[in-house]
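Welcome to the tour. Keep your viewer open and your selection tool ready, and follow along stop by stop.

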Amino acid sequence: MKLSALLITLASVAAFAQEAAAEQQPSALGGFLPLILMFVVMWFFFIRPQSKERKLQEAMRKALKKGDKVMTTAGIVGVVTNIDETSTTVTIRTGSTTLIDFEKAAVLRVLNAEAKPAEKTEEKK
């Protein structure tokens, strides 16, 4: 949810709370209770899961190594051939001779990491 949509929602809740307050005189905490509850719900369902996902993505990008099969955000699948730690770029081989430089942030996921747990479960059977 975008920040502007969140602000509009919170503004409408605040306007509703003010109209309700004009009709009756609740306590100060009772007037802010809907806003507090709305913030808690937004944090629990939107902010917290996004921050967890961001931390997992950063950990995956830090753990990249040569030979990893990766997919970029553009959908390009290739193998990591070089990692430049100073400029945060990654060189990916997409064909037999095609090398493309990407920022680490462009790496969406590591594909060979997904295949390893599947192989382990097949070996156990």
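Buried means under 20% relative accessible area, exposed over 50% and partly exposed in between, with a 1.4 Å probe and protein chains only. This is a predicted model, where local features need pLDDT of at least 70, side-chain atom pairs count only at pLDDT 80 or more, and totals for chains, interfaces and linings use all residues. Residues are numbered from 1 along each chain as its sequence is written, and side-chain values use heavy atoms, leaving out hydrogens and water.

**Stop one: helix H2**

Select Arg61, which is buried at a relative accessible area of 13%. Helices (H or I, at least four residues) and strands (E, at least two) are DSSP runs, numbered from the N terminus.

Move along to Gln57, also found in H2, which covers residues 28-62. Gln57 is buried, at 17% relative accessibility. Leaving aside neighbours within four places in sequence, Gln57 is in contact with Val107 and Leu108; contact here means heavy atoms within 4.5 Å.

**Stop two: Lys104**

Next, select Lys104, in the loop between strand E4 (99-103) and strand E5 (107-110). Is Lys104 buried or exposed? Lys104 is buried, at 12% relative accessibility. Lys104 forms a salt bridge with Glu85, with the closest N and O atoms 3.3 Å apart. This pair links distant parts of the chain, 19 residues apart, with Glu85 in the loop between strand E2 (77-84) and E3. Glu85 counts as exposed, at 54%. Show the surroundings of Lys104 too: not counting residues up to four places away in sequence, Lys104 touches Arg61, Ile83, Glu85, Thr88 and Val90.

**Stop three: another salt bridge**

How many salt bridges does the structure hold? There are three, one of them between the side chains of Lys65 and Asp68 (3.2 Å, N to O). Lys65 is partly exposed at 45%, while Asp68 is buried at 4%.

**Stop four: the hairpin**

Colour E3 (residues 89-93) and E4: they run antiparallel, joined by five bridges. Strands pair if DSSP finds at least two bridges between them. E3 and E4 form a hairpin with five residues between them. Pick Thr91 and find its bridge partner in E4, Asp101.

Note on methods:
A salt bridge is a side-chain nitrogen of Lys or Arg within 4 Å of a carboxyl oxygen of Asp or Glu.
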